[in-house]
Amino acid sequence: MLEVTGLKKSFDGRQILDRVDLTVDKGDVLAVLGPSGGGKTTLLRCLNYLERADEGHMTFRGQSMDMPGLSRKEIAAYRRHTAFVFQSYNLFSNKTALQNVTEGLLIPRKMSKAEARDRAMAALEKVGLADRGDAYPSQLSGGQQQRVAIARAVAVQPDVIFLDEPTSALDPELIGGVLDVIRALAEDGMTMVIVTHEVTFARHVSTRVLFMDQGKALAAAPTAAFFEEQTSERIQSFLRSLDRKDG
Amino acid sequence: MSERLADILISSFPRILGQGVMVTIPLTVISFALALVIAVLCAMIQIADIRGLKQLVRFYIWIVRGTPLLVQLYLVYFGLPDIGLMLPAFPCAVAVFALNEGAYCAETVRAAIEAVPKGQMEAGYCVGMSYTQIMRRIVLPQAFRTAFPPLSNSLISMVKDTSLAANITVMEMFMATQRVVGRTYEALALYMEVAVIYLFFCTVITKLQALGEKKLNAMNGGNVIRA
């Protein structure tokens, strides 16, 4: 459903992404793993055009797109089929939790108020926050904010959700709640690309793994094969270092 | 206090306050409202980086901030007639105050918009909103909360700056006081009287500011100001 080839991006002459390819099929949960500074977040931001790729080709829903040359209008049209969950939530701070979810339905998608409200409430219900719809972001914990952000993403019924380290900014005791919500989405068949450091989670929830290091996709494989038949010394040592941290 | 002085103070009070209500307050309110429009426009032009216009805005702000308000008043009221542009005193004062304050407030508004985290814009884009929609619904309301205290500051300054309009024959509070002083020679008492009225006006604005901030905080879930 989403296929990217030859994605390149550099900042100030520093190559951050170097000819990255990836494929996401409908229902896939693609976990993007790898050490910090490896280009994972930049990759995800390029996928939603928050950063403009220098080179690269994208095929989405059968439509072929030249990533650097896409017009503003085409990007807007593309984004109506995607959703993004940020590491730092980025909820609209002047809107309540419910309004955060309805905003994308009312304004760009011109849905009626009643319909938007119903759909938003259903989304908040899904993340276990139906009773906090009137709360402002500042009145919610980090974990709750991130769950509202996930509800905001789900409510627009996207073809794919991009999640950028959704639990990295959270206190350890709040991580579980957010991961549970993402796991439930995966079980519902939601297509997701998720940048994460939660290797155990990736192992259990993702269907495929993309391993990024120094701007290159070192490996792309189905999850079971990635973890069980890993031959790359670089990746093995990375996974071992995380195991130590977990233990 | 002598009986004569008390009489002068009492009889001049409604006269001075009257000019305050009839001239100083309208002059301030109209000029400030226009200044806000100018400020938001100039800030938006700079933020949106509209070529050509942005340079024009920077030039305007440079000129206005780099020259004294009194000189600007003289230029427009006494200077422009030389090239055939003659404005009555009150509209002339409004124009100068609005343009002057507009330049300062433009910087306040620009700073407030720039202080809204970039992630708010990105999140707006990601739910499918356009630049204009995000600005109007997400960024500007948040920026307004940030800009509100410094803008109140500007308003308070402007109340007092309107006394400069006396120099171009606008019969506002200060000029009314000068007239009474000219007649009675009670400078100390009368200038204190008018100072107290200015202080009262500014106190009212200060109270309104506090109320406004409270309201704006409630609209943001109290997230901006936190002890």
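## Where the two domains of chain A meet

In this predicted model, ten residues of domain 1 of chain A are in contact with nine residues of domain 2 of chain A. What sort of residues does domain 1 of chain A bring to the side that touches domain 2 of chain A? Sorted by class, there are seven nonpolar residues, two charged ones and one polar one.

As for where the domains run, domain 1 of chain A is made of two stretches, 1-81 and 166-247, while domain 2 covers 89-157. Take the centres of these two domains over their C-alpha atoms, and you'll find 25 Å between them.

## A pair of strands in chain A

Now have a look at strand β6 of chain A, which spans residues 82-85.

β6(A) pairs with strand β7 of chain A, residues 160-164. The pairing is parallel and has four bridges.

## Where chain B touches chain A

The two chains meet as well: 24 residues from chain A and 20 residues from chain B make up the contact. On the chain B side, α5 (118-126) and α6 (131-161) each supply at least two residues. The largest share comes from α5(B), with six residues.

By class, this side of chain B has ten polar, eight nonpolar and two charged residues.

Definitions and conventions. Residues numbered from 1 in each chain as written. Chains lettered and ligands numbered in written order. Predicted model: local features only at pLDDT ≥ 70, side-chain atom pairs only at ≥ 80, totals over all residues. Contact = placed C-beta atoms within 7 Å. Nonpolar A, V, L, I, M, F, W, Y, C, P; charged D, E, K, R; others polar. Domains from an automatic or database assignment. Buried ≥ 20, exposed ≤ 12 C-beta atoms within 10 Å, placed from the backbone. Pairing = 2+ DSSP bridges.
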